[in-house]
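Please look over the model below before reading the notes.

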Amino acid sequence: MSDVVQAGLWGLVAGAALLVGAGLGYGLRVPQKVIATVMAFGAGVLLSAVSFELVDEAYREGGLGPAAIGTLGGAGAYTLGNVWLARRGARHRKRSGSKPGRAQPTEGEQGGSGLALALGALLDGIPESAVIGVSLLDGGAVSLVTVAAVFISNVPEGLSSSAGMKQAGRGRGYVFGVWTAIAAASTVSAVLGYTVIGAFSPAVIAAVTAVAAGAILAMVADTMIPEAFEEAHLAIGLVTVSGFLVSFALSHA
């Protein structure tokens, strides 16, 4: 199997977790504390993966300069995109809709919010998938830790966001259409991460890896941890650390 096909398949596997979460969030009445707890665990997994798989790799390949500049650049780009989308109705896209004032708006409350929510899901998912493809550049084998981290974190993301979409009155076709499109985009993003970025020098690859790391860190802080804290604030620290340690153990297995 060619590396390009591998990149696409692993990107699809990671993206498919969003559909798993969407099915749970839309089809079942999952208790809010369970959603928050799983979200906190997924946040911890991603924090560890970013630290030990992405930023550390960027530092080893390109040095402190490209790693730091890329990480800050990724966080800055994500934040700008997130601010733009927040003003169009996607501020609470990962919220399950349990708290008044912190729920996704209906289309009637804010026109165009459905498109903004879909674009927000795309903004959250692209950096995660791109680094899966980039990981293949290091010895021709995908980083299973990165794939596992993205998969584990995508389940609660899809679960909470889909519950919020349902709460806002969006239909089954919209919800699963969005997550199917994001899963497909994850596949393409992983392929592009391997084919396009692989043509550049190690320093550029390191910087791009760091950009993705910065975007993921900003996403965790801005969208995942707030939803987790909202419902499980007394336990969020322990649960997040548990997710961090699971990912750390996978990185050093």
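This is a predicted model: local features need pLDDT of at least 70, side-chain atom pairs count only at pLDDT 80 or more; totals for chains, interfaces and linings use all residues.

1. Residues are numbered from 1 along each chain as its sequence is written, and side-chain values use heavy atoms, with hydrogens and water left out.

2. Helix H1 covers residues 3-27; helices are DSSP runs (H or I) of at least four residues, numbered from the N terminus. From first C-alpha to last, H1 reaches 36 Å, close to the 36 Å expected (1.5 Å times one less than its number of residues).

3. Among the buried residues of H1 are Gly11, Ala14, Leu18 and Tyr26 (buried: under 20% relative accessible area, 1.4 Å probe, protein chains only). The buried residues of H1 pack against helix H4 (113-135), H5 and H6, where contact means heavy atoms within 4.5 Å.

4. H5 and H6 pack at about 150°, with axes 10 Å apart (axes are lines fitted to C-alpha atoms over the stretch in contact, and angles run from 0 to 180 degrees between N-to-C directions). The two helices are therefore roughly antiparallel (over 145 degrees). Gly158, Ser161, Ser162 and Met165 in H5 meet Tyr174, Val175, Val178 and Trp179 in H6.

5. Arg170 lies in the loop between H5 (144-167) and H6 (172-195). Is Arg170 buried or exposed? Arg170 counts as buried because its relative accessibility is 8%. Its contacts include Tyr26, Glu107, Met165 and Val175, not counting residues up to four places away in sequence.

Technical notes:
Buried means under 20% relative accessible area, exposed over 50%, partly exposed in between (1.4 Å probe, protein chains only). Angles under 35 degrees count as roughly parallel, over 145 as roughly antiparallel, 65 to 115 as roughly perpendicular and the rest as oblique.
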